Amino acid sequence: MAFLLIRHKVRDFKTWKTGYDAHQPKRTEAGLTEKYLLRNSDDANEVVILFETQDLNRAKAFAASADLREKMQEVGVVDKPDIYFLER
């Protein structure tokens with residue numbers, strides 16, 4: 001079993017969440033299943049998302065895609081995301 005973990009800060013969580021939800025078809029296409037979407041208890045605009053992945057190579061391709069970079073910029077990600085590929 002493999003996972004993709006992403007952590008980043010956003011300008012405004014509500015705006016980010018609307019764009020994140022709209023991007024669901026791309027995550028599904030990449031074989032990702034959201035397990036947890038968490039917010040930092042001290043900074044509600046810092047987001048951590050854990051996805052289970054069916055295929056680690058597809059997850060890596062998704063994480064490196066221009067589409068994801070553009071979407072993150074569009075929805076207000078304000079720092080460089082931390083991206084981790086994890087295996088159990």
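Helix H1 lies across strands E1, E2 and E3, and runs at about 175° to E2; helices (H or I, at least four residues) and strands (E, at least two) are DSSP runs numbered from the N terminus, while axes are lines fitted to C-alpha atoms, for helices over the stretch in contact, with angles from 0 to 180 degrees between N-to-C directions. Helix H3 also packs on the sheet, where H3 touches E1, E2, E3 and E4 and has a direction that makes about 180° with that of E4; contact means heavy atoms within 4.5 Å.

This is a predicted model, in which local features need pLDDT of at least 70 and side-chain atom pairs count only at pLDDT 80 or more, whereas totals for chains, interfaces and linings use all residues. Residues are numbered from 1 along each chain as its sequence is written, and side-chain values use heavy atoms, with hydrogens and water left out.

**The sheet**

- Four strands form an open sheet in the order E2-E3-E1-E4, with antiparallel pairing, where two strands pair if DSSP finds at least two bridges between them.
- The edge strands, each of which pairs on one side only, are E2 (32-39) and E4 (82-87), and the twist from one strand to the next averages 20°.
- E1 and E4 run antiparallel and are joined by six bridges, and Leu 4 has Phe 85 as its bridge partner in E4.

**The nonpolar core**

- The largest nonpolar core has 17 residues, and the members that touch the most others are Leu 4, Trp 16, Leu 32, Val 47, Ile 49, Phe 51 and Phe 62; such a core is a set of buried Ala, Val, Leu, Ile, Met, Phe, Trp, Tyr and Cys residues joined through side-chain atoms within 4.5 Å.
- At least two residues of this core come from each of strand E1 (2-9), helix H1 (13-22), strand E3 (46-53), helix H3 (56-63) and helix H4 (66-75).

- The structure holds two aromatic pairs, where rings of Phe, Tyr and Trp (its six-membered ring) pair if their centres lie within 6.5 Å, and planes under 30 degrees apart count as stacked, over 60 as edge-to-face and the rest as tilted.
- Phe 13 and Trp 16 form a tilted pair, at 5.5 Å centre to centre with 35° between the planes, and both lie in helix H1, three residues apart, about one turn of the helix.
- The rings of Trp 16 and Tyr 20 have centres 4.8 Å apart and planes at 20°, so this pair is stacked.
- Trp 16 is buried at a relative accessible area of 3%, and Tyr 20 counts as buried at 8%, where buried means under 20% relative accessible area, exposed over 50% and partly exposed in between (1.4 Å probe, protein chains only).

**Charges over the rings**

- The charged end of Arg 27 sits over the ring of Tyr 20, 3.8 Å from its centre, and Arg 39 lies over the face of Phe 13, at 3.6 Å from the ring centre; a charge sits over a ring if NZ of Lys or CZ of Arg is within 6 Å of the ring centre and within 35 degrees of the ring normal.
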